[in-house]
Amino acid sequence: MLKFILKRLALLIPTLLGVITLVFFMIALAPGDPARVMLGERANAEQLAQLRSELGLDQPLSKQYMLYIGRVLRGDLGKSIVTQQKITKELSDRLPATIELALTATLFASILGIVLGVAAARKRNSWVDYSTMTGALVGVSMPVFWLALVLIMIFSVGLDLLPTGGRMNVRLYFRPITNFYLIDGIIMWFREGKSDYFVSALKHLILPTVALGTIPLAIIARTTRSSMLEVLKQDYVKTARAAGVPERKVVFRYALRNALLPVITVIGIQFGLLLSGAILTETIFAWPGIGKWIYHSIGARDFPAVQGGILFISFFFVTINLVVDLLYSVINPRIRLK
Amino acid sequence: MSDNMTKEIIEEEITPPAEPGFWKESWYQLTRNRAAMAGLIIISVFTLMAIFAPLAAPEDPLEQTIPARLTAPFTDGYILGTDDLGRDLLSRIIYGGRISLIIGVVSVSISLALGGVLGLVAGYFGGWVDRVIMRVIDIMLAFPYILLTIVIVAILGPSLMNAMVAIGISQMPRYARVLRASVMGEREQDYVLAERSLGTNNFELMFHTILPNALAPTMVQATLGVGEAILSSAGLSFLGLGAQPPTPEWGLMIASSKQFITSAWWVVTLPGIAILLAVLGFNLLGDGLRDILDPRLRD
């Protein structure tokens, strides 16, 4: 097992180096002078020269590349041109918001997806099955940003039940503690004895969670169903049934446990994707996370910020996928033998 | 006996699996798959509307009738109503279909060309060639798809053409992987070995002998890919990184009318339903094709 983990970790190094290289050259070889693009047409020669030397653009490309790799390995992603803040700081400020949303969306998608998938598999070719699978197909075919707007239209504008965006009612004058607002809400609940903060944080989370979680929900429901159908065909399930084990117990005690193996992998991959794929959702719901920040950095032509942002997210993505892989091999030892 | 004759005799005896009957049989199975046929019908309707857009659309999609702005559906002869500049929504959706189908087909062609060649070469030669190509593919897959697409467009500059290039590049790794896997499965088959023993060169073997037999899973991927490309380009346009106004692109139509969700539900809702239906069509057909063409699922 240790050997397997070490081997996977060793494979990570060339991938991460490749990611850094690709990110560097994507920006370095982009058409046009980056300094000119960042400062706009009205910048004078002096300003351009200063920014170029600040960014190291006056050095030869090979030297720039070496310097860049060195900096990234030291954990230095440079400074944002717009805010002059360290990019690592900008990212860590926004990370909790992104993680909070990705977690609630994954949770929503997993619970509902598994329940629906199991129901569909148990009642194969029934109306439950057909409507779940049709719903899943519609779910993966839907543009997320459109769903988000429709949800706002119905629940915020029409029914006036939920807020249209943000993380907390501004009138509560809330000062974040951990930056995970649900947790902060609970802390405040204990401290001040009122649930207002928690309720407000929860209300702000509902619509973005549903919008972001719909595609994973559809994928998880489909995976659970097909995996469950596969397992229910197995001999040990037939044996259990023949031995008179109650159907409920067969499904939930014996079959589900094995059927969930592939589902766990899918959930992990989806969580990784949600951390990065939240650009549209975060932008629509004014959710102050990394996705929205990258989008604004692109708009502001803040190349170091964009570079740092994608690098960070990709590292995160690769690491999560590795963890999922390792986790899968822990729960399913057959994989390791391959 | 001349070499050529030997070749002909051997070719007659060893029939590759993908004879014309394979596609005929697949088509027959497709017509019996209800979901796939539903998908095919949806795609056909959109394709016909796209081709005959000038005839199908009641109005010019760009013509503004300011006094008739934000007219509700089924009033004053506007079947789907008008947008904030008084443009006929039905006409814009019909013309938008043209753009979306082109985006889907062009993006997938780009990924097929790039990813297909890489996958074919990697799967055919194996060894260090395979390792180098797959390493690059793995690195590309380390970037989440949506993010990679957005960054490429951001670098190239926002436009519909660049959006298609970006989607094409970002989707490319999947085709490389799928085709590589099926090429590796075919490489050691008898009909390939027979061709090779006759001295057929690598290029011929790759493109004429193996490719047609290894294409089925890639076609499934391509069908699903068109749907995903339509979704992605709508997303890019929504963010202002794809089509630019006044192009009647579905995603852009939603973006430019989102401030009217409080007063005019149709301007946001209807273009979204158009995207949903078009993507659904490709997903239905793709799933159906997978059931039929993917040998792993075939009993």
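Analyst: Helix α7 of chain B covers residues 145–156, and at 1.5 Å a residue its 12 residues should span 16 Å. The end C-alpha atoms of this helix are 17 Å apart, which agrees with that expectation. The model is a predicted one, and the distances here are computed from it.

A residue counts as buried here when 20 or more other C-beta atoms lie within 10 Å of its own. After the helix comes B:Gly157, with a positive phi near 100°.

B:Val226 lies in helix α11, which covers residues 216–238. B:Val226 has 26 C-beta neighbours inside 10 Å and therefore counts as buried. Leaving aside residues up to four places away in sequence, B:Val226 touches B:Gly104, B:Val105, B:Val108 and B:Phe282. B:Thr82 is 144 residues from B:Val226 along the chain, and their C-alpha atoms are separated by 29 Å.

Chain A gives a view of the overall fold and of one helix pair. Chain A has 15 helices and zero strands. The C-alpha trace of chain A spans about 85 × 55 × 40 Å along its principal axes. Of the 338 residues in chain A, 38% are buried. Among contacts in chain A with a separation of 6 or more, 71% come from residues 24 or more positions apart.

The pair consists of helix α13 (residues 290–299) and helix α14 (residues 303–331) of chain A, whose axes come within 9 Å and cross at roughly 150°. Because of that angle, α13(A) is roughly antiparallel to α14(A). The crossing of α13(A) past α14(A) is left-handed. On the α13(A) side, the residues that meet α14(A) are A:Ile290, A:Trp293, A:Ile294, A:Ser297 and A:Ile298. Their partners in α14(A) are A:Ala305, A:Val306, A:Gly309 and A:Ile313. By class, this contact between α13(A) and α14(A) has seven nonpolar, two polar and no charged residues.

Methods
Residues are numbered from 1 along each chain as its sequence is written. Chains are lettered from A and ligands numbered from 1 in the order in which they are written. This is a predicted model: local features need pLDDT of at least 70, side-chain atom pairs count only at pLDDT 80 or more; totals for chains, interfaces and linings use all residues. Helices (H or I, at least four residues) and strands (E, at least two) are DSSP runs, numbered from the N terminus. A residue is buried if 20 or more other C-beta atoms lie within 10 Å of its own, exposed if 12 or fewer, and partly exposed in between; C-beta atoms are placed from the backbone. Two residues are in contact if their C-beta atoms, placed from the backbone, lie within 7 Å. Axes are lines fitted to C-alpha atoms, for helices over the stretch in contact, and angles run from 0 to 180 degrees between N-to-C directions. Angles under 35 degrees count as roughly parallel, over 145 as roughly antiparallel, 65 to 115 as roughly perpendicular and the rest as oblique. A crossing is left-handed if the near helix is turned anticlockwise from the far one by less than a right angle, and right-handed if clockwise. Ala, Val, Leu, Ile, Met, Phe, Trp, Tyr, Cys and Pro count as nonpolar, Asp, Glu, Lys and Arg as charged, and the others, Gly among them, as polar. The expected span of a helix is 1.5 Å times one less than its number of residues.
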